[in-house]
Structures are given as C-alpha cells and as structure tokens.
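Hi everyone, thanks for making time for this one. Have a look at the structure on the screen, and then I'll walk you through it.

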Amino acid sequence: MKLDTLRPLQGAGKRLYVETYGCQMNVGDSEILVSILQDEGYRYTENISEADVILVNTCSIRDNAEQRIWGRLKEFQRYKKKNPKLIVGIVGCMAERLREKLLSESPIVDVVAGPDSYRDMPRLLELAAAGSHGVNVQLSEEETYGEIRPVRLDRNGVSAFIAIMRGCNNFCSYCVVPYTRGRERSRDPQTIEAEAHELFDAGYREVTLLGQNVNSYKWEADGAEVDFPELIDRIAAISPMLRVRFATSHPKDLSDRLIDVMASRPNVCKAIHLPAQSGSDTMLKAMNRKYTRQWYMERINAIRSRIPECSITTDLIAGFCGETEEDHRQTLSLMREVGYDSAYMFKYSLRPGTQADRIMHDDVPEEEKLHRLNEIIALQNELSLDSNRRDIGKTFEVLIEGKSKRNEAQLCGRTSQNKMVVFDSDGSLEAGDYTTVKIEDCTSATLFGTIIAR
Ligand code: 5AD
Ligand code: SF4
C-alpha cells in the first residue's frame, strides 16, 4: 500500500526517538529530520527506553516552553545512566537561541542543531558517537528542505501539514522567531505540489500549508511569479476531495485576492487564523505589528462580506510592555467586536535579545498579567460558546478523522471552519470519509450532531 512509504520504517539500525515541542513548523521539521536520518540507516522508534539517539525539537516562544525542556533534560539523565552510549540532541529554536550554553549547562547534551542545519545531522551524530560534541547553529537564507520527503509521524492518515516557507522578516518586538528561524524564504511550488499530490494519493484528505506568514509566500523563477493565492489555488486544484487549510496569516498581508480564491474554491477551508495580538493601537505600535485596529477591522469586514460563514480565530497577548488597563479593555472590546470563534491566549513573556527586551520595560506585574489573561480567557469561552450555539440546527460537511476519544462508538471530524464535531457512527464510515452532520448540541470546544442522509 502506498501509505506505508510515507510512514517511518521499522528494522535494524540505530534507534531514533524524537520528541517535538512548539508549533506545527516544528512537527514538520521533526518529520524532515526522521527522513534525513532514515536515509542514513537510522530507524524511528516510539519507545524512548530503546533509543540510541534522542532528539528534542524545542521551542523558545515563551519562557515556560524553554523551562519545560530544561525539566525534560533532567529526566533524560536516567536513560543516559542506563545506556552511556545514548546520544541526546537538542534541535530547533532553543538550540539556535542558546547554542553552546546548552552543552555547558546540561551534562547530557551531545548535539546542538539549529532549524537550518538538519542536513548536517548525520555528521553531528557521528561526532557525538566519536565522543565529541556536534554543534551547528548556522542559519541559512536559502534552506527550505524543499525536495526532502517528510516521514509522516502523525497517526490519523487524514490530515497533514506542508511547510511552504521558513523564517520570518516581521520582527514583532516581542517575538524570538526571526532570531531562531532566520530570514523568510519560500519553498518552490513544484515540490509543494508534488508533496500534496503524494499525500492525496496516499489517502490524505486535508493539507495545511504552513509558514510564519503564509501571505508573503513568493516564488520567482524565469520571470514568472507564484504568490500565495496562486499557490493555494494550484493545491486546491489537485482534487475537490482534498481540503486545503493554511496558517498563519499576518493581518497586514491578507489580500483580497486570497479572500477571492477562498470564496471561489469550495475545498479551501473557510477558516482564517488572523492573530490580532492586541486591540489597542498603542500596543500594536509598540509590538511593531504594522497595522491599526481600524485596518484590522477592515480586513475582518472584507472576509465577512465575501465569506460570511468563515470562522475567524486569533492569538492574543496579555500584559505587553506598557499595557495599561485601558489598552487591555481595548483587547476585550476587539474580541467582542470580531466575535472570534476561538483564540490562543498568552501572557507576555520577555524574550532575550528582542526589540522589547532591548528598548522597552516589561513593566506589567505578573499578577496583573495573569488577571488580564484570565479575563481574556473567560471572555473567549463565552464567545466560543456563542459561536458554537449559532451552529446548532445547521448542517456541515465533516471530514472524519477517526473514532472519538471519549466513546469508541462515535466518530469525530472537522467542519470546514475547523470546528471539531462528534457524532454516532453509522458503521460504514471511517477516517478520511466525508459525511454530512446536523448539529444538535455543543460545548464551547465541541459540536455534537447526527449524520443526515445526503
Ligand atoms: N510572549 C507571549 N506570547 C508570545 N507570542 C509570541 N511571542 C510571545 C511572547 N514573547 C505569541 C503570539 C504569537 C503566538 C505564536 O505566540 O501571540 O502569535
Ligand atoms: Fe516555538 Fe516559534 Fe520556534 Fe515554532 S517558530 S518552535 S513557535 S519559537
């Protein structure tokens, strides 16, 4: 079966265990790493205690993401005691940010590799096996791992992520990503299309095109240019049975053409993740977001007028440098004004080396940050529940992802709007099938319904 060629190989060879933290880009990078190392004879394992090599793909976005990894490294000491030849590698954003510091502060780390040095991993692991340290934190202006076929480590076989670009040029003042992932670069459309085709042929029914700011995707070759609306149109043309999603969109680059492509292609999912970060113009300016609240609302209105059923989700930061109570109220009022379907909500966490670290003051007290975050979360719970209640009585096409976790007799899947739906199985349907479900009930996180005959 074709599907197996995308899955990790089993067999002899050094056993590689990979643990992934952070965003979906990291999930994709782990799949690239496994692919590179598999070609060198390594074999993937899900059992950490039999690993010869442990790779931890790390995140630096907030301090607590890094603290979790420090804690995990302490836990790894016991595996190293049991197997002194075990190699531990730290890869990804934290590796890029902290570099040799990881070696000096943790006695068990052998390899440190930044996000652009994964092709070098076989050599780095050899260095470690020979008793020295393997370090490569060189960032690249070109590396996209374009032609590498990621080994799919997911289990559902229905939805997959495709990285279409890497890095970021936006330098939001709070954000570490431009420093850990380097400059923005786009992957060539041919390998992206080939990857989507291959996934579809293997039974996948949904791809999510990934980048830090997909709207600035651009590929130029031989005088021709492919931008994001063009790319998404091409991927959507592979098959009407293949759903296409994307993340993340920077509001400043969300074009009318993209909205038009979304509106004209039924299989481009009606969901836009449009991080606002704050509802206050003062904060947006301090954050270097390059748009105002009014401009953001104009984009929301453009989406709503062309695609009324589109879900809109966001990221919000509470307690950024200099944020007053009034700024915070503005965020709450923006949330109400947009009526977000869901949101990722964070407390501001100072990241060393960013603009905010260098020229601003992290002056909102910790308790106040937490208080504001809790207000934001409470409001979003209300808004998510409102949004789900509005779906009761409506019917949706659902792509089935598998059995419901809570109840084996039920199936779960997503609507085009990316909402999770749970419903009774009719016995004939399985993961990867589409069905039509009428919504009858909900919580703030899940819709519940029944299959209706088409
Ligand atoms: N502190 C808190 N949240 C942050 N994010 C990025 N940097 C920080 C930070 N220093 C959030 C933003 C971004 C999401 C991926 O993480 O909301 O959109
Ligand atoms: Fe974390 Fe950002 Fe790096 Fe993703 S890109 S792993 S969110 S720091």
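First, some bookkeeping. This is a predicted model, where local features need pLDDT of at least 70 and side-chain atom pairs count only at pLDDT 80 or more, while totals for chains, interfaces and linings use all residues. Residues are numbered from 1 along each chain as its sequence is written, chains are lettered from A and ligands numbered from 1 in the order in which they are written, and side-chain values use heavy atoms, with hydrogens and water left out.

So, the domains. The chain is assigned domain 1 (11-136), domain 2 (159-389) and domain 3 (395-453); such bounds come from an automatic or database domain assignment. The C-alpha centres of domain 1 and domain 2 lie 29 Å apart. Between these two, 14 residues of domain 1 are in contact with 19 residues of domain 2, contact meaning heavy atoms within 4.5 Å.

Next, the sheets. Strands and helices here are DSSP runs, E of at least two residues for strands and H or I of at least four for helices, numbered from the N terminus. Two strands pair if DSSP finds at least two bridges between them. One open sheet has six strands in the order β2-β1-β3-β4-β5-β6, with parallel pairing. At its edges stand β2 (43-44) and β6 (134-136), each with a single partner strand, so one side of each is left without a neighbour in the sheet. Inside that sheet, β3 (residues 53-58) runs parallel to β4 (residues 87-92), joined by six bridges, and Thr58 has Gly92 as its bridge partner in β4.

Now to strand β10 (residues 206-210). Why is β10 largely enclosed by the rest of the structure? Five of its five residues are buried, so that is the reason; buried is under 20% relative accessible area, exposed over 50%, and partly exposed in between, with a 1.4 Å probe and protein chains only. In a regular strand, side chains alternate between the two faces of the sheet. For β10, Glu206, Thr208 and Leu210 are buried on one side, and Val207 and Leu209 on the other.

Gln277 sits in the loop between β14 (271-273) and α10 (281-286), and is buried at a relative accessible area of 7%. Glu397, in strand β17 (residues 395-403), is partly exposed at 47%. Beyond four places in sequence, the contacts of Glu397 include Arg243 and Tyr434.
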